[in-house]
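Here are a few notes to read alongside the structure. Have it open as you go through the points.

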Amino acid sequence: MQGRAQTITAYSYPPAPWLFKASRIHYQFRQVATPAALPTVPDDGIDLLSLNGNTLGGFFAVEYESSPIGPYKEVAVLSSLVARQWGLGGIGAWASHIFVDSEAAAEAGKDIWGLPASVVQIDFDASSIVGNENDDAPVSFFLSDEMVKVSNWAKSKEDTTSSFPLDVTLPSFSGCLDSSASGEDNNSALLRYPLRIFETKSFSIASAGEISYTGDDKSLQAIVESSQSLLSINVGGVNLCAGVPDIISTPR
């Protein structure tokens, strides 16, 4: 079944598409063991892409200066690379965990895009807190069930090259939330929406830092413990435009 998710633009959200302006983005690519990633991916509608027992995941941090629901910080755990219809229906990253520091952002994430968003305290200047004060140290993530700390965040903004005119639209998959918990039928479906990234001001490639997690989420623990760092990218001054999701599969 495929259709337009019409109900998501009701209530207080402005009309689509939705524009986000980010001061900076940090994306750390990670190799994630397939057995750890597989339980986080829906078993109907999309397939996890794996090679030699691993898939491509990562950790994504962004600071939004403006958005339809105001400024906020976000850290996303991307558990795997997924595809629909052997890639003919698109290839994209699957977000198993989304952390935001705004209740409005969490609600919009669940209501509009079917994202597993939760509200935690996010510290993007955690170098002194986590004891990582080396100026040359890469950006690192320290996660718990109540807080996310990102060290050397300021360095990710400084460590950039000249203007990088990136303009790309990526297919993004989401949804399949527990409707009994969310109270919404729409975000229990598998969704696909266009995400355009454009007008970037700067770009750089950096080494990947440390990832750690302390808490009770077994799936997140497995992703962190089974993953290995690849590389990181820093993007400064970027616009993101998210379109209305399509419902591409409904729960059986």
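**Notes on the model**

1. Aspartate 43 is exposed, because its relative accessible area is 78% (over 50% is exposed, under 20% buried, partly exposed in between, with a 1.4 Å probe and protein chains only). You'll find aspartate 43 in the loop between α1 (34–37) and β3 (47–48); helices are DSSP runs of H or I with at least four residues, strands runs of E with at least two, numbered from the N terminus. Its C-alpha atom is 9.9 Å from that of cysteine 176, 133 residues away along the chain.

2. A word on the source: this is a predicted model, where local features need pLDDT of at least 70, side-chain atom pairs count only at pLDDT 80 or more, and totals for chains, interfaces and linings use all residues. Residues are numbered from 1 along each chain as its sequence is written, and side-chain values use heavy atoms, leaving out hydrogens and water.

3. Leucine 56 sits in strand β4 (residues 54–66). Leucine 56 counts as partly exposed because its relative accessibility is 34%.

4. Now the largest pocket (what counts as a pocket: on a 1 Å grid over the protein atoms alone, an open set of points where a 1.4 Å probe fits, with protein on both sides within 12 Å along at least five of seven lines; lining residues have an atom within 4 Å of a point). Its space is about 940 Å³. Among its 39 lining residues, Phe60, Ser172, Leu195, Ile197 and Leu240 are closest to the centre.

5. The second largest pocket holds about 150 Å³. β6 gives the most to its lining, with four residues.

Key. Grid points are joined across faces, edges and corners, and a volume is the space filled by probe spheres set on the points.
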